[in-house]
Structure formats: structure tokens, C-alpha cells
Amino acid sequence: MVARRTAKTDSGKVSAKLAAHPLKASRAPGNGFTIVGIGASAGGLEALEVFFRHVPPACGLAFVVVQHLDPNHKGVMAELLQRATAMPVEQIRDRMKVEPDHVYVIPPNRDLSILHGVLHLLEPAAPRGLRLPIDYFFRSLAADQQEHSVGVILSGMGSDGTLGLRAIKEMAGAVFVQAPATAKFDGMPRSVVDAGLADVVAPAEELAGRIVSYLQHVPLLATRSAEELEDKDQSGLEKVVLILRAQTGHDFSFYKKSTIYRRIERRMGLHQLPRIADYVRYLRENPQEAGLLFKELLIGVTSFFRDPGMWEQLRNEVIPGLLAAHPDGGMLRAWVPACSTGEEAYSLAIVFRETLDKLKPGVRYSLQVFATDLDHDAIDKARVGAYPANIAADVSDERLHRFFVQEERGYKLSKEIREMVIFAQQNLVMDPPFTKLDLLSCRNLLIYLDADLQKKLLPLFHYSLTPGGILALGSSETIGAATDLFAALPGKNRLYRRQDNLLRMTPVDFPVSHARSRAEAAASSQSPSSPSAGTAASLQAETEALLLRRYAPAAVLTTDRGDLVYVSGKTGKYLEPAAGKANLNLFAMAREGLAGALNGAFAKAVRERSTLVLKDLALENNGAGHRVNVTIQALTEPAVLRGMVLVVFADVAASPVVKAPGKAARASADQSRIAELAQQLQQAHEELQTTREEMQTSQEELKSANEELQSTNEELQSTNEELTTSKEEMQSMNEELQTVNHELTAKVDELSQAGDDMKNLLNSTDIATLFLDDQLKVRRFTSQTASIIKLIPGDAGRPVTDLATELDYPGLTDDAREVLSSLVFRERQVAARDGRWFTVRIMPYRTQANRIDGVVITFVDITANKALEATLREALATLQNRCNEQDTQLDQARTLEGILRQAQAVLEQRIAHLEEATPRQGGKESPRGRK
């Protein structure tokens, strides 16, 4: 997407104006000035010279140039660029501090990073091969300068820089790209434009002026909460959200206000609008701006195998554990909401395939990944499964060769991996979720949503997962207070397992459409027309209910924390609601005399998974005392109650009072008092022992908690350092979703269209075609075939030997089998019983995977050719007869000629004899002799 200003500005005038008025706005908090990263490759020198000729010398910016250079030659880029600008141009040295109004050029054979405004040089990860120094520096620039980062892409081949600019966009930075039509090599600029990352696309001579104009008009970007926004800004923000909802159909009110406001400020800077009220008016007057802002809020930043440690734990621990729960094989289901362009979903499919390769053969497993997103364009790109060549920075060579196919402009996922993922457009807030999932990966989405929506989504994720299912979150996300829904897996990765042994107090807030369908289903199941309505209870059930009500002891079923789940019988003598806020906890509701002993015994029973009995406890109830036995049992069976605790209360019958006179009565009373005191002492000893054990346990837990807190503190410090110095960009997920039915419908429509095209193509050729499978059964045929072989649509699947044919071709089946075995086509001319002739051609049926799966038989009608051939033969025979007659006449002429020649010879001989016989007179021939 390209943000274009309505009015064009002459670059020379802009430069002169900027030189007179140095940049004052949008200063980076750590440096006091903005650092502009510039990436270029083939043809980049010319573009860089044009760019710097139009940069004013006192603009207050620093420029860092990263170009693909020959690692074996000395760098002369600084000297060449110095001719095009009055600013000092230097080749970067390690730990060089960036200063304004300077140009810094990367040296050959080095990678470049930046930390707190200081440039650091690093050895390349590989001496040769695919290097991506521009991506590397842009990611570092985004992490260091955050929303103040500016990235520029000029002429170059390949796609280096695209992934780094994604990180800059995620941090609300600005992206400027040379117009591909003006670049000597348009590979890098076009890659950024096609990815939808460009804020401004312009010729190289205009980019400098556009950058400085943007920085002069962009407001001071600061991370402000919704409470810190002024009333007018808050009002403008709400109006923008309303306009977006009206024009795009998507509600962004559940986004964090600070995130939305930063994105709006970027758009205001690009359009040089000083107030948010001006932007609201511009947004209403230009509907295309709503689409651009929508794309801005859906930050499609993602990559393959982000957070490698998490993927290693998935491959080595999580997925093998999920497969072990299905020893007989089967299909695992996974959901990747906010999948963007599909890298996360495909990474999960690849890791699953790698895990299966390690298992022993014999058990068949499969994975179905549902990947959904709010952005329709991102879903379309994900379905194709084609990615630029620079994914080699995130994907190992082994995986590239195993799961990708190299193409002209990058790599494409193999068909095996693409078929494991189904992409669909879906709204996570409004549309129903996928259910019965073994794995749900929602990484780096919750950080962009407000706290209320996060609290609604976590119970929804719990509902979507099967018991023991796994939830994967981003490195900056946690489950918050939902510890009763999920338990963290070992390690620092944000992997959680669904919990089912505790009472889940948080209700599931289903999407509107899904909640309505569930309510209607519940209402229909409870309607009088339901088969179960009105059915009388059996006599056995009524009797058992009566026994439970009148004779069974009072009991409660609780979680391992003491929260009441189920109450049986009358427990009012033992439990009473506590004053204040309602609290259904066993220890809060226990009456006086019961709470102390119950607390210690309950903890011991849960810890040891055993059954404890507290006997003869004195209980006060409305001034009256009585005794009770309490049984505490930690349940392990049945499975549905595993982890629960059953507490049973049984009253102890009072001992009969025997009246005794005088001293005997006093002695009996003293003995009763002594026995009571001894029992209380014993109970106190037991409580003290339990308290000591609990104290030891608490000390161990506190020690463990302290170690965990120390470890967490170290992790937080490490995370803070990683957030400051990380070379990886923060990924943001888009919000648009759709159910799988839409995806399947789209695929069916595509297949139907392809089938119609093929049918029309075959019919247009007017060639009868018959498709047979590898068992010579009819798979498909064209309408022309029915006039040769007696076929109807219901004959699909029948052997060709069972069909009647008009052809005099008994060897058709044998020839088809021969073609299947030899893979060499056969062609014959065959006559039909009605006088027609056909050329029958039998060829092997080859699939796209280069597998032979039957034969294709074509019947070309050559009746007209045969008729013409017969006519030609008759004409040839007539011509031959005439030739023969002429030959006979010629022979006769030749015979007559021979006879004439013989007669002439005889005549000449006779004349000669006559001449010899006639006497010569006077040496002269007489006239008669001459005759």
C-alpha cells in the first residue's frame, strides 16, 4: 500500500526550504535525532548518489548505508558517495557512535547492528552464500529506535530488506521505497511494495524531501495510555474507530488505545496533518485511507520458526506427548489464530512432520491445522505458500531442501505441508471458535488487545482445547490470573497445558453467533417436546434419593483448594456462610471448633493423597455443643473426580448421663473433665504437629518460590535485554477470521470451475476420450465416447470389459494392459460395425506427482479420411488401367516398327543385289540403275 499526497512538491524547492529550516520534530529520545537506514544492492550506487544530492546538508539526520559488497575487495563506497553530498561520509568502524548530519557506510564482509546509537560490526554468520545484511541491520534499527526508525530501500536484486522493514513497520516506523519503474534493478523495491510495507513510493530524487517532510510534520511519538490522552484526542480516536467500523466492518475498540494512536500519528505525519481532527476529516473524505489505516493496524509481521527454543520444545516434548495420548494413531487438531501470511502455521506443520519422521513406522498420525486471520489479502498469500528467498535466514538448509521447492523468486512449500493447513477468514471476537483442539498457538496477539478482551479470550481458548491440550503464547504474553485454567509447562517458553482437575470459576464468553446457537440448542433440549421431558423417575431412583436425604451423612465435594463444588445433605450444623463478600470456601465456612483441625488435616490428605479421620471434635452451634467425626478423602477415582476432595460429617452419639450421689458424682465429673482435657491436649498435639509439618512445607515452598522468583527475575532481566538488543522483530497478528466452511467452499468452487473448463475443452476438441484407472475401470469419459462405446453416467467404476462397443477391436483390453506395463503408447486404426473408422490411441495417465494411475484412450473419427482414401484408390486403379492400355499400344507400335525396319532391311538388300547385277555403262550409272 502506498500513501500518496494529493499535491506534488518540487524536490529542489523542498530541499532548499529544509536547508533553511533544519528538522526540529520527532527527535529520538536517546539520540536527539533520527537515524535513517538505507539498503541498496545492484544499481544502488547511482540511486544513492541521486538520493544524497537532494539531501540538505543541515537536515539534522544521520544516514546509515548498507549495501551488498564484495567481501574480498576494499570498500570505496565512502569515497564515491562523498562526491554527491557535503555531509561527511565515513566507513563504519566497530563501536562508532552515530552523529547527525553524517553518512555511514558498511565495510565489506561485515554485518552491522546498532545499540543505543552506537554501531557494532560483526563477522558474517557464513563466509559465502545467501547473506542478508540489510534485513539484519533494519531489525536492529527497529529494536533500538522503535517508532523513530526510518527505513529506505533503493535499487537492488532479490528481496533483502523486506523482513527488516516488517520489523520497522511493527514498531510504527516509516518505510520509503524507490519507485520500481525508476530503479535500475527493481527486485528489492518491488518485493517491499508487493508485501504492502511501503508508506511512500517515489523516485530516488524525491525520497529525501519526503522523508524530511514526514519528520517535520509527524507529532512527538510517545507511549501514552488511554487515560493520558486529552479529551479532544480521545474523541478523535473514537471517531476514527467508528469510521473504520463503518467502512471495513471491523471493530478496533478492543485494541489498546496507545497502539491505535501511534498508528494514527504515523498516518498524520505521512499526510502532514497537524491535528487528529484534521485526520478524521481526511479519513471521511478519502475512503481509500480507511483501507490503508486498516492495513496499518493489522501489522502482518511474522516469520518462520520465531523463538527457536519454543519450536524445539514443541518438537521434542509437546508433540510426542500429544501423540502418546493416541497410541492407536489418529488426527491431531491445531488452531493458529491471527496467522497473517501463514509462516506460523506452516512452521507447526513442518515441526509435526519432523516429529513423525522420528517415530517407529506402523502407527499412522496426521495433523490438521486451522489457520485463520482477519486480513483477506494475507490469507490469500498464505494459501499460495510462496515466500521470498530471504526466508533462508530463518529456515535451516535441511528444512529448505526437505519441505520447500525453490522457484524463480524464492521458495514454495511442498504439497505435503500445504495440504496439512486450511486457511480461512475469521473474526476471533464475533465468529465461533474451533473446538476439540490438541494445540492452540496464539502468539503475539494478546499484547495488542486490552485487558478485558484478554480475560474473555483465555476461557474461550480453554473451552476450545481438549483435556490436556496445549496453549502456546508469545514470549511477552502470559495467562495472567487464569491459573485455574492453564498450568505452565517446564521451561521459560510460554507453553501451557489445559487444567481439568480444578473448578473453573471463570465463565466462557462465547461470540455472539456461537452463544445464540448454544442457547437455542439448550432451549430446544428442554422443551416439552423433548423425548426426555415428562419421563417418570423409577422407583429405585426415588428410594435412593429418599435414603440420601434422610439417612446419608452430610458431605461436601471440594477442589484441592477447598472451594465447594457439590453439597450433599444438611451441612448447616457444620458450615455457615461467612460475613462479607460471598465465599464458598470450606475453611471460611467451617464453624467454631472445626476450622483449625480441618485445615491441617485437609492439607495433609491432599498432600499425601490419602484418607484422614478426625474423631470426636467438639463443635459449637448456637450455644449448644455436640461432637462430630470428620472424614477427609482425596479422590483418585473415578477420573472425572480425580483431584477433588470429599469431606464427610458424622455426628457422634452423646454418652448417657448416670446420676451418682455425693463424692461419686464429683469423681465422675472430674474423670469426664480429665478425659475431655486429655482429648483436647491430644488434639492440640496433633494440630501442633500438623502446624509444624505445614510450616516445614511452607518453608520449602517459600524457598522454592524464592528460587522461582529469582529465576523469573533473571528471565525478566534477560527478556528486557532481549527486547533492547534483539535482532528479531516483534510480530503482530492480524485480526480477521473466517470459518473453515468458507475455505472448503472456495476450494470446491475452484475445483468445479476447473472441472467445467476441462469438460468444455474436451468437448471443443470433438475427440472421444475415455479415462480408465489402473484396474481398467471407467473413471471419466466425454459425451462423444457414448456413440462408440455404450456408456452412461452410471457406468463410472465399471470394468471396460463389461461394456459393449461398436468397434471391431477385440484386443483393446490387452493393448491397454500392455501400455500400463510398458508405458509406451499404442495407436491403431480400427473399423466400426456401422462403417465408421477411428484412430485409437492409448497413452498412460500420468499424475502431477509423476505417478501412472491408469490410461487415456482417444478415438479420432477418420471415416472421411478413409472414404477419401478409397476414392483415391479407385482413381489410381483407373489411371493404372489406362496406363496399361497405353503400354499395350506402345508395345504394338514398337512391334510394327520392328517389322518395318526388317522390311526396309530386306528391301535394301534386294536393291543392293539388283545394283550389283546391272552392268555399268561407261563408268556411269544408268538412270534405271539409280532407280
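Q: Which residue of strand 30 stands opposite arginine 846?
A: In this predicted model, arginine 846 stands opposite isoleucine 852 in strand 30. Strand 29 (residues 837–846) and strand 30 pair in the antiparallel sense over 8 bridges.

Q: How many bridges join strand 26 to strand 30?
A: Strand 26 (residues 768–772) is joined to strand 30 by 5 bridges, and the two run antiparallel. Alanine 768 stands opposite phenylalanine 859, and threonine 769 has threonine 858 as its bridge partner.

Q: What is the strand order of the open sheet?
A: The order is 27-26-30-29-28, with antiparallel pairing among the 5 strands. Strand 27 and strand 28 (826–831) are the edge strands, since each pairs on one side only. From one strand to the next the twist averages 20 degrees.

Q: Which strands does helix 24 touch where it packs on the sheet?
A: Helix 24 touches strand 28, strand 29 and strand 30, and its direction makes about 30 degrees with that of strand 29.

Q: What makes the pair of tryptophan 335 and phenylalanine 461 edge-to-face?
A: An angle over 60 degrees counts as edge-to-face. The planes of tryptophan 335 and phenylalanine 461 are 90 degrees apart, at 6.5 Å centre to centre, and the pair is edge-to-face. The pair links distant parts of the chain: tryptophan 335 is in strand 11 (residues 330–336) and phenylalanine 461 in helix 17 (residues 451–464), 126 residues apart.

Q: How do you know whether tryptophan 335 is buried or exposed?
A: The cut-off for buried is under 20% relative accessible area. Tryptophan 335 has 1%, so tryptophan 335 is buried. Phenylalanine 461, at 0%, also counts as buried.

Q: What places arginine 399 over the face of phenylalanine 305?
A: A charge over a ring must have CZ of Arg within 6 Å of the ring centre and within 35 degrees of the ring normal. Arginine 399 lies over the face of phenylalanine 305, at 4.0 Å from the ring centre. Phe305 belongs to an aromatic cluster that includes Phe304, Trp311 and Tyr346.

Q: Why is aspartate 795 called buried?
A: The relative accessible area of aspartate 795 is 5%, so aspartate 795 is buried, the limit being under 20%. Aspartate 795 lies in the loop between strand 27 (778–781) and helix 24 (812–822).

Q: What makes the link between aspartate 795 and arginine 798 a polar contact?
A: The limit for the N or O atoms is 3.5 Å. The side chains of aspartate 795 and arginine 798 are joined by a polar contact of 3.0 Å.

Conventions. Residues are numbered from 1 along each chain as its sequence is written. This is a predicted model: local features need pLDDT of at least 70, side-chain atom pairs count only at pLDDT 80 or more; totals for chains, interfaces and linings use all residues. Side-chain values use heavy atoms; hydrogens and water are left out. Rings of Phe, Tyr and Trp (its six-membered ring) pair if their centres lie within 6.5 Å; planes under 30 degrees apart count as stacked, over 60 as edge-to-face and the rest as tilted. Helices (H or I, at least four residues) and strands (E, at least two) are DSSP runs, numbered from the N terminus. Buried means under 20% relative accessible area, exposed over 50%, partly exposed in between (1.4 Å probe, protein chains only). Two strands pair if DSSP finds at least two bridges between them. A polar contact is a pair of N or O atoms within 3.5 Å; within protein, one must be able to donate a hydrogen and the other to accept it, and residues adjacent in sequence count only if both atoms are side-chain atoms. Axes are lines fitted to C-alpha atoms, for helices over the stretch in contact, and angles run from 0 to 180 degrees between N-to-C directions. Contact means heavy atoms within 4.5 Å.
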